[in-house]
Amino acid sequence: MTDAALRVIVADDEPDVRLLLRLQLQGVAGVEVVGEAGDGTQAVELCRTLQPDAIVMDLLMPRMMGIEAIEKLRSEFPDLGVVAYTATAGDFVRHEMDRLGVPLLLKSGEIGQLVDALRASAGRRRV
Amino acid sequence: MAGSEEPTELERKLAEVDQLRRRVLNVLPHALRTPITTFRGLAEALPNATEEQIRRDIAPALRRLAAQAEHLLDDMLVAAGYTTALPTGPKVATPVASTVVAVWADVGGDRRLHQIEVDPNLQVKAATGALHKMFVHLLDNAAKYGQEPSVRAVADNGKVTIEVKTKGPQLPDVGMFTEPFYRGEAAVTMTSGVGVGLTVARALAEQAGGSLEVRGADGGGLVAELVLETA
């Protein structure tokens, strides 16, 4: 384990959600938001460029849906931590996230649970 | 009715109401949860934010989210058949071309209108703000779900026919697109929404004494045909 911050990308098609996550995550010690994506395609491209430790992924986005982006990231970056972050999740989404081994959180405005999930998913634990 | 194969009128109506209830419950939680949780989160972030962050980022975001909630409420009321949220006031002459350009600048993002064929002097009669709102829904739909969006207007015999057209796949369920709280497959899989945009645009058109019809385009895609009175 190193002291380097957990480098995170935030992917959501709503700019105000990205703003909130950036504000919340920048207030957490040991976490750094290194990039933001507005759709699934951009999220995959940013991961290739920035090589983050983890990504927060909205599931309903234009151009490439979150589920499709997660599948691409899973195959291209097996060590990348991925947390699905969505407003609502029906049976299909829950089943798909189980299949992909991706933790699924409902948007709640509360950041602690998301940070814990990002750290756990990235296989790193920092306080 | 027991023993009968054909549903009664009452049974058909009850089935329609049940379908509508399911559609509302399917779209509403998603559409509301994101703005509500974002609003709450931003409000909670205020005490630890710098003055610059509040002025530059948080205050405009809170205003946007409040406006989004207002529009959502208005649209839902109109879609549910209540006239309370329709624009008031007399019909005034409203320019078509400049309204299209202004709305596209807001909803088109980094995409461009593939084609616009509208006489710059063409005007229609509608309550103040109504034509703008009709185009917000029609062009937002075109920007999000269609390809090569185009707008064409033709004036004839006191009427203006405005066609907003996009290319795309065949849409077998196009007949449902103006039904309240209905979302097509592309919409459901691409972004959150309530499925009332075209319903609201139709209500606004009818309030202005016109009409809105939506149909599949030849070769795939969508055509929304708006007919309004010439000013």
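Analyst: In this predicted model, 5 strands of chain B form an open sheet with mixed pairing, in the order S2-S4-S5-S7-S6.

User: Why are strand S2 and strand S6 of chain B said to stand at the edges?

Analyst: Strand S2 (115-117) and strand S6 (211-216) of chain B each have a single partner strand, so one side of each has no neighbour in the sheet. From one strand to the next, the twist averages 10°.

User: How do you know that S6(B) and strand S7 of chain B pair?

Analyst: Pairing requires at least two bridges, and S6(B) is joined to S7(B) (residues 222-229) over 6 bridges in the antiparallel sense. Ser211(B), for instance, stands opposite Val227(B) in S7(B).

User: What makes H1(B) roughly antiparallel to H2(B)?

Analyst: Helix H1 (residues 9-45) and helix H2 (residues 51-79) of chain B pack at an angle of about 150°, with their axes 10 Å apart. Because angles over 145 degrees count as roughly antiparallel, H1(B) is roughly antiparallel to H2(B). The crossing of the helices H1(B) and H2(B) is left-handed.

User: Which classes of residue make up the contact of H1(B) with H2(B)?

Analyst: The contact has 11 nonpolar, 2 polar and no charged residues. Among those that make the contact are Pro35(B), Phe39(B) and Leu42(B) of H1(B), and Ile58(B), Leu65(B) and Gln68(B) of H2(B).

Terms used:
Residues numbered from 1 in each chain as written. Chains lettered and ligands numbered in written order. Predicted model: local features only at pLDDT ≥ 70, side-chain atom pairs only at ≥ 80, totals over all residues. Axes fitted to C-alpha atoms, helices over the stretch in contact; angles between N-to-C directions. Helix = DSSP H or I, 4+ residues; strand = E, 2+ residues; numbered from the N terminus. Parallel < 35°, antiparallel > 145°, perpendicular 65-115°, else oblique. Left-handed = near helix turned anticlockwise from the far one by under 90°. Contact = placed C-beta atoms within 7 Å. Nonpolar A, V, L, I, M, F, W, Y, C, P; charged D, E, K, R; others polar.
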